[in-house]
Amino acid sequence: MNNPFKIHLMSYTSSPLKSIAFPIENLGIGKDITHADEISYEEAQNAVSDTVKSWLTSPLEFASFNFFAQNIPLFIVREWQRARIGWSYAERSMRFYQIDHSIIDRIDRRFYASLNDEEWSKFIDVCKSQIDEYLRMKKAGTETQDARCVIGVWLPTQLQTSANYRAIRDTMAMRLSSQAHIGWQIVAGDIKRLITEVDKTLGDNLVDVCAIQGKCVWFSKLDRGCKECEERGRLPNHIHDFSLIKKNGDKQCSCGMLEKESEKFHSGVYSFGSKS
């Protein structure tokens, strides 16, 4: 399978686990650590592991990670940028970047898991037609910054983003959940994998929100079944009622899931990325 989307960890705080442990030990415990060698990895691990059991997680802000996302759909970028606290963003500008038909090859099908082969082919045709119109408008003298408006949120773009570990953990708590869009599960799973490669303790503490809360938090009629809590042996948070009938005859639950999607969802067909 062609997977054009990739996320790269460009840089991060030196000794990120210890960097988080310093304020915990110096301010919370009352030590005077002045050099990284004055605290062992195990001591840092214990300090951080204890801190994440509390809501007082401000020390997690003392380690940061810098990512570069390639060929990430525009709709994921727009949702990502809603995480405003602790994150910085730099997005490739469509005002200056010259798009051509090669952009079609950079669409990652994993982000559109519910599309069967026929619908995928139609989707690609729509994307191609938007690029055709974009190029036609530019040839007719329309400025790039105006012609870009005919292109949809499927567009693969590039995003540079950085955040402290606290912001990453809070954001990924929502995105590592089965409630998240499949594309987000891919992105969050890759971020978790990259941070785990740097430090296993920090990676292991990137978990879904129900794991942090110690209970299921998805009980609205709009929430889908929580696979994570079901796997933990908890009672189902949501019972589908496929009583809504769409114009095409498909049956739909109030949570948005179609009856025909339900079996795929609960069988794991729609699960991507690494999850704890």
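## Exercise 1: Cysteines

Under the rule that a disulfide is a pair of cysteine sulfur atoms within 2.5 Å, the count comes to 0 disulfides. The model is a predicted one, in which local features need pLDDT of at least 70, side-chain atom pairs count only at pLDDT 80 or more, and totals for chains, interfaces and linings use all residues. Residues are numbered from 1 along each chain as its sequence is written, and side-chain values use heavy atoms, with hydrogens and water left out.

**Task.** State which cysteine sulfur is nearest to that of C210, and how far away it is.

**Solution.** 
1. The nearest cysteine sulfur to C210 is that of C229, at 3.7 Å, and C210 is in no disulfide.
2. C229 is likewise in no disulfide; for this residue the nearest cysteine sulfur belongs to C226, 3.6 Å away.
3. With a relative accessible area of 1%, C210 is buried (buried means under 20% relative accessible area, exposed over 50%, partly exposed in between, with a 1.4 Å probe and protein chains only).
4. C229 is buried as well, its relative accessible area being 1%.

## Exercise 2: Two helices

Helices (H or I, at least four residues) are DSSP runs, numbered from the N terminus.

**Task.** Determine at what angle helix α1 and helix α2 pack.

**Solution.** 
1. Helix α1 covers residues 16-29 and helix α2 residues 41-51; they pack at about 70°, with their axes 8 Å apart. Axes are lines fitted to C-alpha atoms, for helices over the stretch in contact, and angles run from 0 to 180 degrees between N-to-C directions.
2. Therefore α1 is roughly perpendicular to α2 (angles of 65 to 115 degrees count as such, under 35 as roughly parallel, over 145 as roughly antiparallel and the rest as oblique).
3. On the α1 side, L17, K18, I20, A21, I24 and E25 meet Y41, A44, Q45, A47, V48 and T51 of α2, where contact means heavy atoms within 4.5 Å.

## Exercise 3: Two single residues

**Task.** Decide whether I131 and D204 are buried, partly exposed or exposed.

**Solution.** 
1. I131 lies in helix α4, residues 117-139, and is buried, with a relative accessible area of 0%.
2. Leaving aside residues up to four places away in sequence, I131 touches I99, D100, H101, I103, I104, I151 and W154.
3. I131 and I99 are 32 residues apart in sequence, yet 7.9 Å apart in space, C-alpha to C-alpha.
4. D204 is in helix α8, residues 200-204, and counts as partly exposed at 37% relative accessibility.
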